[in-house]
Amino acid sequence: MLKAEHITKQYQIPGGGHTVFDAVSDVSIELGNGGVTAIVGESGSGKSTLARVLSYVERPDGGRVFLDGLEVSACGRKELRAVRGKVQLVMQNALGSLDPHQSVVSILEEPLRLLFHMGAEKRKQRCLELLDMARLERDTLRRRPDELSGGQQKRLCIARALATQPQHIIFDESFSGLDVTLKKQVLGFLKELQTELQISFLVITHDLDTAMYMADAIHVMRRGKIIETLEHPKSFSDFQEPYSQELVKAVRSKRRALQ
Amino acid sequence: MIRKIMHRPQAVLGLAMMLLVFLVMLLAPVFAPNDPMQLNVAHSFAPPDAQYPLGTDELGRCILSRLIYGARASLSIALPTLLLLAVISTVVATLCAYVGGALDRMFEVVSNIFMAFPPFLVAITLVGLFESKAASIVLSIVIAMWVWNARVVRTHVLRERNQPYVITCRMSGCSELRIVFRHIIPNILPHLLVLYSTGLSSIIIMISSYAFLGLGLETGTAEWGAMFVNANKLIFSHPLFLVYPGLCILFAAAGFNLFGEALRDICAPREG
């Protein structure tokens with residue numbers, strides 16, 4: 001269970017002296033074990049910042065983050081490293097989030113060695129399992145990230161996240177920039193994976209369609225605040241807030257354009 | 001890695017040049033036809049002949065032998081200097097830039113102070129302090145030059161530490177030290193190789209300018225820089241005296257540069 005209480009995160013406006021703005025202000029969110037939750041909002045709504053705070057990549061300026069009762073937002077470096085594997089963030093820029101000089105096998109083996117202290121034999125075996133789970137071909141093991149296709153890079157990021165045996169995976173705009181067919185493929189595969197492994201997913205996206213397809217619960221975020229939360233939405237008309245309606249309109253016009 | 005090097009003519013050429021220099025350095029007594037220190041004033045400025053393949057200098061010493069032994073004197077100082085310089089500037093700059101904040105600001109201040117010191121002043125002080133001339137030369141060059149290299153390293157680290165992969169590594173369970181030494185440094189290593197391999201020639205030149213001021217090795221030591229500087233005054237009567245050591249420095253430096261740049265191309269997947 002990953003729980004955030006009254007999270008506030010401020011950034012200094014570049015060149016603005018000491019003026020700060022709240023990227024996230026007073027957001028509380030709870031992620032149970034096993035479900036899929038989505039946060040939807042336009043760019044600049046603070047959803048990525050929230051993702052970074054939830055995955056304890058960044059510390060909040062106010063509020064607290066709990067992982068199974070442990071207050072991770074107050075933990076020191078050492079304590080954090082012990083729970084590093086439990087929450088994983090899959091970022092938008094797949095290629096950029098992979099060390100360019102490492103091969104696929106060393107990217108996958110690193111968490112196995114550092115978090116689980118596996119021996120060489122076991123690591124090798126687990127690597128192959130992870131590749132199969134992420135539907136990556138086994139001959140990619142010796143390649144470097146830039147030698148993979150865009151879809152393979154995404155899968156590699158997911159495989160790496162799975163290597164840490166996480167309870168939660170946060171996908172921060174991980175599927176934007178993929179073409180429609182590829183996106184469908186990746187989303188479908190993730191849904192299967194989720195039912196199979198029972199890991200809790202948090203999908204952060206600007207695309208309401210993706211959120212509706214993936215999630216059981218949807219939070220709509222605007223200007224650093226969660227303005228609407230829907231459990232098990234059936235259709236777009238369940239959204240009440242005017243801003244959510246705007247997002248619905250955006251999806252509808254995109255669909256029309258595609259047809 | 002070795003196969004990749006062998007497939008690149010530039011790397012093979014650079015490697016061959018470096019190996020040749022090392023070979024000459026190690027086997028100087030085998031190659032040299034004469035004793036490089038043997039004076040023979042009666043036989044000064046002799047043209048090349050069977051005994052002195054490149055002739056003799058103003059004191060009648062065999063030029064070829066001096067060049068061959070010169071590889072020893074020059075590189076036995078230049079290489080340790082380079083190594084020390086590379087390790088110190090890489091480690092200090094990387095740690096400061098990665099940690100950032102107060103430590104990085106402190107680095108700025110310290111580096112400004114070091115940049116203000118003229119290297120010769122440091123050299124003069126150190127020569128007074130140390131018995132060993134070689135040690136004081138090495139130290140003074142390191143003190144004078146580490147900041148310039150460290151600043152370049154710092155900019156590379158600053159760019160690299162904001163890459164998203166650093167966050168990914170942290171989530172894979174890497175400690176901060178592991179991120180620095182196993183992820184950031186390997187990624188900027190190609191740039192560093194070029195930086196340091198080009199540094200070799202300037203170190204050789206610097207050692208020679210020390211000799212010019214009388215701060216270098218013992219006068220009369222067979223060393224490329226000293227020979228080069230010494231030949232300055234004979235530039236009109238015997239211009240070749242300048243060319244020989246110059247070519248040697250060029251050859252050694254070019255070998256290192258070629259190899260360094262080829263390594264960069266091999267190690268840098270991103271710039272492809």
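Reader: How do the elements of chain B run from the N terminus on?

Author: This is a predicted model. In chain B the order from the N terminus is α-α-α-α-α-α-α-α-α-α-α. The count for that chain is 11 helices and 0 strands.

Reader: What does the C-alpha trace of chain B span along its principal axes?

Author: The spans are about 75 × 45 × 30 Å. Of the 272 residues in chain B, 40% are buried. Contacts in chain B between residues at least 6 apart in sequence can also be sorted by separation: 68% of them join residues at least 24 apart.

Reader: Take one residue, then. Is Ser74(B) buried or exposed?

Author: The cut-off for buried is 20 or more other C-beta atoms within 10 Å. Ser74(B) has 29 C-beta neighbours inside 10 Å, and therefore counts as buried. Ser74(B) sits in helix H4 of chain B, residues 63–99.

Reader: Which residues is Ser74(B) in contact with, leaving aside its neighbours within four places in sequence?

Author: With those set aside, the contacts of Ser74(B) are Ile204(B), Ile207(B), Glu223(B), Trp224(B) and Gly225(B). For a distance across the chain, take Ile141(B): it is 67 residues from Ser74(B) in sequence, and their C-alpha atoms are 14 Å apart.

Reader: Now chain A. How should I read the pairing of strands?

Author: In general, strands of a sheet pair through backbone hydrogen bonds, and the pairing is either parallel or antiparallel. Chain A has an open sheet of 4 strands in the order E2-E1-E4-E5, with antiparallel pairing. Its edge strands are E2 (20–31) and E5 (70–71), each of which pairs on one side only.

Reader: How many bridges pair strand E1 of chain A with E2(A)?

Author: E1(A), residues 2–12, pairs with E2(A) over 8 bridges in the antiparallel sense. In one of these strands, E2(A), Ile29(A) is the bridge partner of Ala4(A). Helix H1 of chain A, residues 47–54, packs on the sheet and touches E1, E2 and strand E4 (62–67). The direction of H1 makes about 125° with that of E1(A).

Reader: Where would I look for parallel pairing?

Author: Look at strand E7 of chain A, residues 168–172. Strand E6 (residues 87–90) of chain A and E7(A) run parallel, joined by 4 bridges. Here Gln88(A) stands opposite Ile169(A). E7(A) also pairs with strand E8 of chain A, residues 200–205, in the parallel sense over 5 bridges. In that pairing Asp172(A) stands opposite Ile204(A). E7(A), helix H6 (residues 180–197) of chain A and E8(A) together make a right-handed β-α-β unit.

Reader: Last, the interface. How many residues does the contact take from chain A and from chain B?

Author: The size of an interface is often given as the accessible area lost when the parts come together. Here residues are counted instead: 22 from chain A and 16 from chain B. On the side of chain A that touches chain B, E6 and helix H3 (104–116) of chain A each supply at least two residues. H3(A) gives the most, with 4 residues. The residues on that side of chain A divide into 8 nonpolar, 7 polar and 7 charged.

Terms used:
Residues numbered from 1 in each chain as written. Chains lettered and ligands numbered in written order. Predicted model: local features only at pLDDT ≥ 70, side-chain atom pairs only at ≥ 80, totals over all residues. Pairing = 2+ DSSP bridges. Contact = placed C-beta atoms within 7 Å. Axes fitted to C-alpha atoms, helices over the stretch in contact; angles between N-to-C directions. Buried ≥ 20, exposed ≤ 12 C-beta atoms within 10 Å, placed from the backbone. Right-handed = clockwise from strand over helix to strand, strands pointing away. Nonpolar A, V, L, I, M, F, W, Y, C, P; charged D, E, K, R; others polar.
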